[in-house]
Amino acid sequence: MPLDRERPIEGGYVGVGSFDAPDPSFTDVLGAAYRQENLIGSYITSARRGVKDFNAIDPNYDVFSDIKGYERYAERFETVYNKQAADAVKSDIDKETRDRKTLQAGGWVGVGLGMTAAVTDPTILLPGGAFVQAGKIGYKSLRTAMSVGTAAAIASAAQEAGLQATQELRTAGESAINIGGSAVLGGLIGMAGAKFLSKAEWDRVSRSLEEQLAEDVPNPAEVTQTIINRMQSAGAAAVDDIKLEDLGIGGGRAAQVVAKATEAAKINPGIQTMFSPSKKVREIYTKMVDNPVYSRMNMEGRSLGSDVENLVKLYERGKLGEWISSSRSLYKEARQSGFEGTKTDFYERVAKAGRRGDVDELGNVQVTKAAQQARELVFDPLLERAIKNGLLPEDVKVTTAASYVTRLWNRQRLIGEEDRFREIARNYFMGELRKVPADKRPDFVSKADMDDYVEEIVTSVFNNLTGRGRGDVPDWLVPVKRGPLKERTFNIPDEMIEDFLENDMEMILRRYSRTMAAEVELTEKFGRADMKEQFDEIRREYDELSKAAKTTNEREKLRKAMDRDVKNLEAFRDMIRGTYRAAEEGSDWSKITRAALAWNYMRLLGGVTLTSLADTARLIGVHGVRSTMREAIPSLVSNVKAIKISKADARNLGAVTERVLQSRLASLADLNDPYRYHSGFDRYISNATNLFSKATGLGWWNDTMKQMAAVMTQNRMARNALDWSKAGERERAYMAFLGIDENMAGRIARQIEKHGEESGGVWGANVGQWDDELAQRAWAAALNKDVDRTIITKGIADTPLWMKTNWGRLIMQFKSFALASHQRVLIAGLQERPQRFAEQMVFGTAIGMLVSYLKMIERGDFDRAEDLVNNPGKWVADGLDRTGILSLPFEMTNTADKVVSSYGGPNIGINRLFSEIAGDENTSGGATRYASRNATGAVAGPSVGLWEDLAQIATALAKQDMNKGAANALIRQIPGATLPGARTAIHVGLKPALHEAVK
């Protein structure tokens, strides 16, 4: 469609000048280009420089009554407090408006000179944004064709920071495009090679192209005022009218391409599932698993509600964490009152009290109170929901239910004393069989036939309790499908089997809150916890798809897709229930694996808190700079009542529990599942790692960051729910992503109006007082989802299934953060506001650069620290590496670089590329994150590197030839050697002395 020449396009982004204006001269275009695209030109010509005290406050001056004609730029005057400053801002706006029109009218001359101005900027060697300013077509070409996108993006980050500070009309959206997603990914994921449009094509800009561009730009309103985001159609279709594509990846083309590449690489089962040909598979996945990326229906403001994985966190983290915190305080009170036992003794007494009417046999008040709180916070709420959902078998009375569903069996003792347990169980079932009326008993051929029947039951019970069974049957059921005892409960009296039960109340609650919460939430969502009907529906849908297929190859692809989908969904279900790979976890090989993982953690991750400083950039990436400054920072020190309420809600709902549960750390370090059955060996490992975790300070850091994220998330959700009609499409998409649609928002709004508190612009929802349980659980699930993707916490679908095997965990330990960041930061960031993605990239890179420098100082490597400062390309790349935004590209190239350089080859990582582009004097040296790793450990994981180190040490000792390599290997085996302070002492004091001794 031709342009309507009666309505010139405004806004300065389309590469077509006003049709009635004469062509500007070459010198006019050159001047405009240097003022707009070059930091020095922008700084020198900024009228702000002429104001002596720009920030001086004139109490008699009201800036907003003095901006007639500049109303559309009102936000640019928010920090202006005097007449001279206001005039300077107006002058800059006028100048920039003229320059933009000049560049527009300059056509390809404007493009070329804009690139020239950018190239000669002291902060940049390749143009990162000149195309954007010249026109949308330029952006389109850059996004698809720039083969050196990484270099341009990083250089642009430095340039844009300066230009933002010296220009009034430069929007965050423009900087986002100049710096971020598309330009960076252009080089890294192979989007280079698209054809540049010709001058004639520039003249044929049409509405269809505008619509296409709207799909490609995450926030088109900030990039151009002439197009409408096609995603902005919240509520246009009912949730019942779901189509296959509605459950696919949402967002622009960049997000689509990255997601498709992720699916093709088979590194994320969740993303794979979102590309399934089965609508039922996609729907089940969305309802069951924490999906960290927006679906297309989310982008339209539609949602399928809260997912099971996040609903469970209310209990397994919120209620459990609340009880553990309270019980620790009660233990201290008990000690002060004369209790002489350890905390383990205290918890054993609490467990026994729980089996005896929640009363301590010896009359200890604190033990009794802890048992009663366990019942009140965890046991009873879940048991009531289990009863409501019909989870209790027919032969169980509600009044006696709690005595068996709260049992936690000691698997090691069961296995070690199998014969004794079998005899007890055999006698119990024989007695139960005799209670069956004679007319309902089967006609056993002989006593041997009856004994065989009972033995079958005993075997099935034993296998189920020790993890050797199917893994999807609750402990309290007898998994026998025939005869008079079919699916009866193993409701044996406690006194008969107490020797085989765990008597640690914390461990019991951890297990119960995980398994029972999963059973309840899965049942409420899908009708039954094993999801049998859903899997039947999947197979029927694939049968229909197969019938419609035209070739044998198509049918074979569908068969493989079905097998993959069923396998993934079954694994997700079992991980939520805590039964995934249950049998394997009891093996000796699994014990060795857990020990190796824990040892690696204690010897290598002491400096994890310093590394985690980059988490601060995630607050900006998700919620923006303004919210971070107005809400997050005050949450640390403010006594405002609403903030206090919000922080308390975050703790009680499970979003802020790291100092109590250490769940994020255990997840990212790939340690053993803290909710599995534990042996004495596992307890020892758990205690050692928990002690080490406290020494790192990461629990405190995690809770601080999650607290800040939680305050912002809750305030944002509250504002949207209370005024849904004014929430923009982006905010409705955000709410839908969190599982809250318009209907649920209304229910939440009523609860906030009734029980919430607002002060200082922040809402405290006071969720504990809500009387709408469904709204409460939806709020809790949404909060946990957003906080966990803000402060990266790995979900069950973030890593491939093979990484959950023993070999996979050993080889890929510490790699899960990169995989989780890939979708939670990169893909989701490309779907959301581009200016926030850009802000996160710039701020995160700066923090990452600081971390890299401090890491080198900490280990006494002052030469390497100085090398970073003297080689900005290398330093910027190192900073970007630590943000997690491009975690996978950096992880792959860093590993390859470590291997090649260890054999004398050149550095080949992304850091080398940045160094070459920036013209660094020293382009050698890999990423600082890999400085302490050997080549084997970089490729095959720290456990394999551990064995290589041990072999090197043993060989050196055997030959009585201790060399520097063996000395370094020995240092790497010291647990706690990477802790702050200890690392410096070792690298500055011990290591040089050891090297000197082995010369």
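Predicted model: local features only at pLDDT ≥ 70, side-chain atom pairs only at ≥ 80, totals over all residues.
## Overall fold

The chain has 999 residues, and 57% of them count as buried. Its secondary structure comes to 51 helices and 2 strands.

The chain exposes about 41300 Å². Carbon and sulfur atoms supply 53% of that area.

## Helix 15 against helix 26

Two packed helices are described by the angle between their axes and the distance between the axes. Helix 15 spans residues 279-288, and helix 26 spans residues 532-548. Their axes come within 8 Å. The crossing angle is roughly 155 degrees. Angles over 145 degrees count as roughly antiparallel, so helix 15 and helix 26 are roughly antiparallel to each other.

Helix 15 contributes Lys 279, Lys 280, Val 281 and Ile 284 to the contact. From helix 26 come Gln 534, Glu 537, Ile 538, Glu 541 and Tyr 542. These residues divide into 4 nonpolar, 1 polar and 4 charged.

## Glu 891

Glu 891 is found in helix 46, which covers residues 887-902. The relative accessible area of Glu 891 is 11%. The cut-off for buried is under 20%, so Glu 891 is buried.

Leaving out residues up to four places away in sequence, Glu 891 touches Lys 815, Ala 818, Arg 929, Tyr 930 and Arg 933. With one of these, Lys 815, there is also a polar contact. The contact joins the side chains of Glu 891 and Lys 815 at 2.9 Å.

Terms used
Residues numbered from 1 in each chain as written. Heavy atoms only, no water. Axes fitted to C-alpha atoms, helices over the stretch in contact; angles between N-to-C directions. Helix = DSSP H or I, 4+ residues; strand = E, 2+ residues; numbered from the N terminus. Parallel < 35°, antiparallel > 145°, perpendicular 65-115°, else oblique. Contact = heavy atoms within 4.5 Å. Nonpolar A, V, L, I, M, F, W, Y, C, P; charged D, E, K, R; others polar. Buried < 20%, exposed > 50% of the residue type's maximum accessible area, 1.4 Å probe, protein only. Polar contact = N/O pair within 3.5 Å; in protein donor to acceptor, adjacent residues only side chain to side chain. Areas by Shrake-Rupley, 256 points an atom, 1.4 Å probe, with all protein chains shown as cover.
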